[in-house]
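Here is a protein model to walk through together. Have a look at it first, and then we'll go through some of its details.

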Amino acid sequence: MRIANHDGRLVLIDDGKYLDVAKASGGRFSSDIALMYDRWDEFRAWSEAQSFADAADIDEAKLGAPSPKPAQIFGIGTNYRGYIETVGWPTPEVPLVFTKYQSSITGPGTVVELSGPSVDWEVELVVVIGRSARRVSADDAWNHVAGLTVGQDLSDRDAQQRPKTFPQFSLGKSFPGYAPIGPYLVTPDEFYDPDRIELGCSLNGREVQRSTTADLIFSVPDLIEYLSGMLTLLPGDLIFTGTPAGVGSIMEPPRFLTAGDVVTSWVTGIGRMTHSFVSEPVISA
């Protein structure tokens, strides 16, 4: 199953067509996609019986974040083997966890204001939780996932490393627009192997990142087991699972985002996002 936030409304997607859930369900489900996750099992069962005979064409310019109001957002650092091999860091013994804040979420095709001269890109597979999870084993973890989407963990490296003696990642990764997700949420059963999914990123048309989630040090089930052992994961929560090698801060010389740059992020089986960057404030209509 594939769903989206289309023009602010929850929709089912099939072959480039969309079905408005609130209208098709006669009001049984809200048009607000954020309210659907608390009823994930009920919604999933309902969706399987729907016809797309009266579906309309999707307008990708109207797609928003597929989980725009998560109670919790988790980020995982240094979680690709290729990344730590590139920088020469030791393999972490447990996941490196930080948070991003809800106000940083944006959709898959927005303009993002740069917070400074050291903003970096990080393409990521993002997990959206569908069932509350507390002390869940890795073997059962996929049963608590609503779906997967594309993400960018945009990061102001100067702010992230401030102060240098005790770096605090969360604020440097939570400026407005620094958590783009989209364009669709795709359920795990749609993937031939949900533990081996290809992802990548290009800067101004030049590929800078490409890998597969088989290179994750801590897999999606590992992360859910670890996090749910510490706290309760809630429906709609996001887990940014980490980024592969190819970020700008480890290039020689380093390359950071500047006004006019365009970043395209993609995950096979889900889709792609494209974001442009400006140095001046973004004025909302």
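Predicted model: local features only at pLDDT ≥ 70, side-chain atom pairs only at ≥ 80, totals over all residues.

Is Arg9 buried, partly exposed or exposed? Arg9 counts as partly exposed, at 29% relative accessibility.

Residues are numbered from 1 along each chain as its sequence is written, and side-chain values use heavy atoms, with hydrogens and water left out.

**Salt bridges**

The structure holds 16 salt bridges. A salt bridge here is a side-chain nitrogen of Lys or Arg within 4 Å of a carboxyl oxygen of Asp or Glu. Here are some of them, with the N to O distance:

| Acidic residue | Basic residue | N to O distance |
| Asp20 | Arg9 | 2.6 Å |
| Asp153 | Lys100 | 2.6 Å |
| Asp261 | Arg255 | 2.9 Å |

Let's take Asp20 and Arg9, whose side chains meet in a salt bridge. The pair links distant parts of the chain: Asp20 sits in strand β3 (residues 17-20) and Arg9 in strand β2 (residues 9-14), eleven residues apart. Strands (E, at least two residues) and helices (H or I, at least four) are DSSP runs, numbered from the N terminus. Asp20 counts as buried because its relative accessible area is 11%.

Next comes the salt bridge between Asp153 and Lys100. How buried is Asp153? Asp153 has a relative accessible area of 0%, so it is buried. Lys100 is buried as well, at 3% relative accessibility.

Arg255 is partly exposed, at 26% relative accessibility, whereas Asp261 is buried, at 4%. Salt bridges can also share partners, and that joins Lys100, Asp120, Glu122, Asp153, Arg157 and Lys173 into one network.

**A covered strand and its neighbours**

How many residues of strand β12 (residues 145-152) are buried? Eight of its eight residues are, so the strand is mostly covered by the cut-off given above. Strand β11 (residues 123-129) runs antiparallel to β12, and seven bridges join the two. One place to look is Val127, which stands opposite Leu148 in β12. β12 is also joined to strand β14 (residues 179-186) by three bridges, again antiparallel. There, Gly151 has Ile181 in β14 as its bridge partner. Two strands count as paired if DSSP finds at least two bridges between them.

The peptide bond from Gly182 to Pro183 is cis, with omega near -10°. Another cis peptide bond joins Glu252 and Pro253, where omega is about -5°. Pro253 lies in the loop between β17 (238-240) and β18 (262-267).

Now check phi. Asp15, in the loop between β2 and β3, has phi near 50°, a positive value in a residue other than glycine. Arg135, in the loop between β11 and β12, has phi near 55°, also a positive value in a residue other than glycine. Asp15 is exposed, with a relative accessible area of 73%, and Arg135 is exposed too, at 64%.

**On the surface**

Which residues form a negative surface patch? Asp139, Asp195, Asp222 and Glu225 do. For patches, residues need over 30% relative accessible area and no salt bridge; like charges are joined within 9 Å, and nonpolar side chains (Val, Leu, Ile, Met, Phe, Trp, Tyr) within 5 Å. Glu225 is found in helix α7 (residues 220-230), and it is partly exposed, with a relative accessible area of 37%.

Finally, find Gln102, in the loop between β7 (96-99) and β8 (105-106). Gln102 is partly exposed, with a relative accessible area of 39%. Gln102 and Gln72 are 30 residues apart in sequence and 7.7 Å apart in space, C-alpha to C-alpha.

How values were computed:
Areas by Shrake-Rupley, 256 points an atom, 1.4 Å probe, with all protein chains shown as cover. Lys, Arg positive; Asp, Glu negative; His and termini not counted. Charge placed at Lys NZ, Arg CZ, Asp CG, Glu CD. Buried < 20%, exposed > 50% of the residue type's maximum accessible area, 1.4 Å probe, protein only.
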